[in-house]
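Dear colleague,

Please find the structure below, with the sequence alongside. My notes on what was found in it follow.

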Amino acid sequence: MKPVSLLRLYLLRGCYLLLLVGLSIQIVPDLFGPVVTMPMMDGVVTAMLSALAVLSILGLFAPIFMLPLLWFELSWKLIWVLFVALPRWQTGTMDEATIEVLFACAFVVPFVFIIPWRYAIGRYMAALDPWRTKSD
């Protein structure tokens, strides 16, 4: 398997930095204030996205090892776009809040082109543990 180029590693670090900065500006400050009075699920989302910001720091130092973090970010945003934004767009019920979240989701589009998919899939598939051992 070919190693990941230095340019690609720096681009991956840029992805983690984008997550870290974006979440640190928009989400993390809520931990130190309004999270106590938020509705329960808003507090859950704030905690999860704050954890994503903290783990993004690790991605700056180990971009390949932390690829599942980028996969998580891509996955939840793709699911949200497909199952929330798209149906609202189709029915003409897009509101300002939906458009705002959709705009935020667009920031991960470059991730699709930056992630070294062939390398990552090969590496992570090779690292999978078997379901059964030969002694079973």
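In helix α2, the residues Met48, Leu49, Leu52, Leu55 and Ser56 are in contact with Leu69, Phe72, Glu73 and Trp76 of helix α3. By class, this contact is made up of 7 nonpolar residues, 1 polar and 1 charged. Please note that the model is a predicted one.

As for the geometry, two packed helices are described by the angle between their axes and the distance between the axes. Here α2 covers residues 40-61 and α3 covers residues 67-91. The angle between them is about 145°, and their axes lie 11 Å apart. The crossing of α2 past α3 is left-handed.

Glu73, listed above on the α3 side of the contact, also takes part in a salt bridge with Lys77, with an N to O distance of 2.8 Å. Both residues belong to α3 and are 4 residues apart, about one turn of the helix. The search of the whole structure gives 1 salt bridge.

Helices α5 (109-114) and α6 (117-126) each contribute at least two residues to the patch. Met125, for one, sits in α6.

Regards

Methods: Residues numbered from 1 in each chain as written. Predicted model: local features only at pLDDT ≥ 70, side-chain atom pairs only at ≥ 80, totals over all residues. Heavy atoms only, no water. Axes fitted to C-alpha atoms, helices over the stretch in contact; angles between N-to-C directions. Left-handed = near helix turned anticlockwise from the far one by under 90°. Contact = heavy atoms within 4.5 Å. Nonpolar A, V, L, I, M, F, W, Y, C, P; charged D, E, K, R; others polar. Salt bridge = Lys/Arg side-chain N within 4 Å of Asp/Glu carboxyl O.
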